[in-house]
Amino acid sequence: MPKSNPQVEEPDEKNIVVEDRPKTWVAGLPGVFHSIEPALDHMGPNRTRKTVLAMNQKDGFDCPSCAWPDPGRRKTFEFCENGAKAVTWEATPVVIAPEFWAEHSVSELRQRSEYWLGMQGRLTEPVYKPAGEDHYRPIAWAEAIAILGDRLNGLDSPDHAAFYTSGRTSNEAAFLYQLFVRAYGTNNLPDCSNMCHESSGWGMGQTIGVGKATVTFDDFANADLIIIMGQNPGTNHPRMLTELEACKENGGQIVAVNPLPEAGLRRYKNPQKIKGIIGRGTELADQFLHIRLGGDMALLQAVSKRVLDAEERNPGKVLDHAFLEKHCEGLDELREHLSHLDEQAVLKATGLTSAQIDELADRYMAAEKVIITWAMGITQQKKAVSTIKEIINLLLLRGNMGKAGAGASPIRGHSNVQGDRTMGIWEQMPPAFLEALGREFNFQPPLEHGVDAVETFRQMRDGRIKVFVALGGNLVGAISDTHVAEAAMETTDLTVQISTKLNRSHTVVGREALILPTMGRTEIDIQESGPQFVSVEDTVCAVHPSWGKVEPVSHQLLSEVAIVCRIAREVLGDGIGADWEGFEKNYDLIRDHISHVVSGCENYNERIRQEGGFILAHGPRDSRTFHTPTGKAMITVNELEYLEQPPGTLILQTLRSHDQFNTTIYGHNDRYRGIKKGRHVVFVNPEDIAELGLEDGQFVDVRGTYDDGVDRVLRQFRVVSYPTARGCAAAYYPEANVLVPLDSVAEGSNTPVSKAVIVRLEPAEAPSPADATASGTTVSVS
């Protein structure tokens with residue numbers, strides 16, 4: 001039975017608890033407790049049993065958290081703490097009561113934290129905020145859809161609207177969504193990829209022709225060496241730790257490259273093994289490289305140079321000449337370029353010693369099967385695309401592509417962000433896809449590229465985009481330059497959020513605003529033809545079905561597929577050859593069309609019903625074929641750029657806490673880093689604290705240094721002494737997004753540069769009880 005929304009207290013940021021030192025291991029019994037205890041508290045034993053025990057099972061639902069792949073043989077407890085929290089957050093029986101909207105204005109809700117908003121419970125009915133009013137009010141589904149249809153059809157150009165997509169959206173909903181948007185007449189399809197792994201897609205696409213991982217699930221356990229760069233598996237994708245443990249048990253080695261010594265890169269106590277409960281667990285990283293922010297490209301070039309130098313000393317003994325000659329081009333140019341690499345510049349850029357880089361190079365050359373895996377610590381740098389090209393260079397030199405236990409592995413942080421892109425959610429889909437889509441549905445899709453996430457806000461700011469529709473997500477909370485972005489969103493005529501729960505994006509709205517409540521992935525979806533399932537794609541190109549397991553919290557909820565179909569019918573009518581009414585009744589009809597349009601998805605309905613689903617074809621992985629202009633993998637030359645740091649400043653990165661998934665805040669503890677009861681902290685190396693004339697525990701204003709006339713500042717944040725790399729600092733996302741200028745983006749991919757923010761720390765007074773909540777009052781811009 002649904003429950004009324006609870007009384008939730010905002011945290012008191014003045015009384016943050018900082019433990020003596022960060023943890024040195026992850027999971028174990030505490031991981032089990034912190035997974036199950038919130039689920040039992042919020043869902044009760046029956047709903048907990050139906051959800052967490054069905055998560056990632058072959059007849060269950062896909063985890064709504066990260067995109068880590070599933071093993072062939074699955075354990076009873078095939079979930080992690082992060083996944084359990086995500087399911088608890090979504091499947092809670094707590095709902096927002098109808099009177100909530102009269103009791104809380106939009107202005108008041110805007111002063112609340114992401115935590116408070118999410119804890120109010122599930123959205124169960126459409127609500128509408130008319131122009132000139134400050135309250136949402138419940139309305140009927142037909143009225144809500146009619147308002148959206150009227151505003152879209154009233155625009156002077158389809159390009160005056162933008163349609164965002166979250167990575168939790170299913171393949172079926174994503175395919176219909178992009179079909180509707182293109183039939184409407186625009187390619188304005190920004191998505192969460194634009195802010196995370198867009199750089200991976202560009203870097204890999206330009207070198208090997210495919211922007212997806214070249215490894216399988218089993219490759220991790222069978223690698224001789226795994227190099228982990230720019231990620232924190234213990235918090236962001238904990239199930240990866242099990243495969244890292246398997247690699248170590250099989251004799252493999254692990255090198256961690258990160259500005260922070262995260263506990264999840266050090267020691268893992270697997271709670272499903274005896275040694276993980278009563279023993280020390282497994283030591284993971286054989287080598288930890290405490291790299292300076294922005295130094296990854298220099299490190300990779302230095303290792304590649306050492307490989308090439310070793311080949312010169314021992315001709316024919318180091319490089320994989322057969323692979324290079326048959327499948328690659330550009331080796332001579334790379335050799336010439338790296339012969340001029342300045343070792344002192346490398347050491348300055350990385351903060352490492354030559355001996356440390358030598359050790360990594362020796363490990364790499366001694367290993368026959370190497371995986372390099374990375375996440376947003378790499379993709380959100382200015383030179384992210386070039387850095388990823390250097391990852392590919394290093395792998396290609398010794399043939400670590402297209403063989404078991406080796407390859408390139410970007411780790412997607414959203415559960416189906418990769419599947420959404422496969423289904424056409426991209427503002428720059430290639431002509432072949434658009435031609436197939438138009439042929440299938442008898443219309444001419446627009447060919448001009450649309451806007452990505454950053455460009456969406458630029459065009460809002462300039463008055464071009466007037467209607468914004470979001471299929472899931474929290475783009476206002478996720479995007480850079482928070483206050484600039486919020487001001488841009490407020491210039492729109494209408495904002496529409498298709499959501500399960502409240503977040504910041506429901507409080508920063510256009511003149512008019514709609515919230516359309518949708519079912520979650522955990523809920524049983526029954527349509528006219530019977531129970532439905534959806535499908536998703538994980539980070540290693542495995543496509544599998546997902547079945548909801550619990551009753552929806554309200555009979556008023558519609559599925560994402562149903563919402564998209566009803567919007568399309570309202571806006572397009574019979575304008576194209578699409579059976580929108582039939583799609584809503586039977587998702588098999590959607591998959592039949594996917595079979596005809598999406599390359600690699602032929603016979604989709606048949607293959608998705610096979611046990612475990614199916615694996616999409618991947619040329620570099622499967623056959624060492626490369627869909628590049630030359631038909632070969634491209635070894636590239638990339639100019640090294642050193643990240644300058646003016647005196648008295650630090651390089652700051654944004655990161656998640658442990659009680660968090662993207663912008664969703666589950667609680668205010670970050671137990672592996674030793675932070676409790678708050679989030680307004682800035683992690684700084686103790687030597688930097690002393691050099692800056694500050695003290696551990698002191699309150700400071702964190703001020704951006706960009707010379708663009710905008711004063712960006714986080715006010716009254718507590719300095720926490722922490723073993724970050726020298727000259728580097730860290731603060732939690734999304735609060736620190738305010739410090740990242742909208743125009744500070746990665747070259748090529750246009751991804752916000754959230755891992756290289758130059759800041760100054762200025763002494764400040766401690767917050768008073770009146771202003772010490774997490775309501776957003778501590779960030780300002782002028």
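Predicted model: local features only at pLDDT ≥ 70, side-chain atom pairs only at ≥ 80, totals over all residues.
On a 1 Å grid over the protein atoms alone, a pocket is an open set of points with protein on both sides within 12 Å along at least five of seven lines, whereas a cavity is a set where a 1.4 Å probe fits but cannot get out; lining residues have an atom within 4 Å of a point. Residues are numbered from 1 along each chain as its sequence is written, and side-chain values use heavy atoms, with hydrogens and water left out.

**Largest pocket**
- The largest pocket has a volume of about 1100 Å³, a volume being the space filled by probe spheres set on grid points that are joined across faces, edges and corners.
- Its lining comprises 33 residues, of which Gly-209, Val-210, Gly-211, Lys-212 and Pro-430 are the closest to the centre.
- Helix H8 (198-208) gives the most to this lining of the largest pocket, with five residues; helices (H or I) are DSSP runs of at least four residues and strands (E) of at least two, numbered from the N terminus.

**Second largest pocket**
- The second largest pocket holds about 660 Å³ of space, and among its 25 lining residues His-42, Tyr-115, Asp-659, Tyr-666 and Gly-667 lie nearest its centre.

**Cavities**
- Five cavities of 30 Å³ or more are present, and the second largest cavity has a volume of about 50 Å³.
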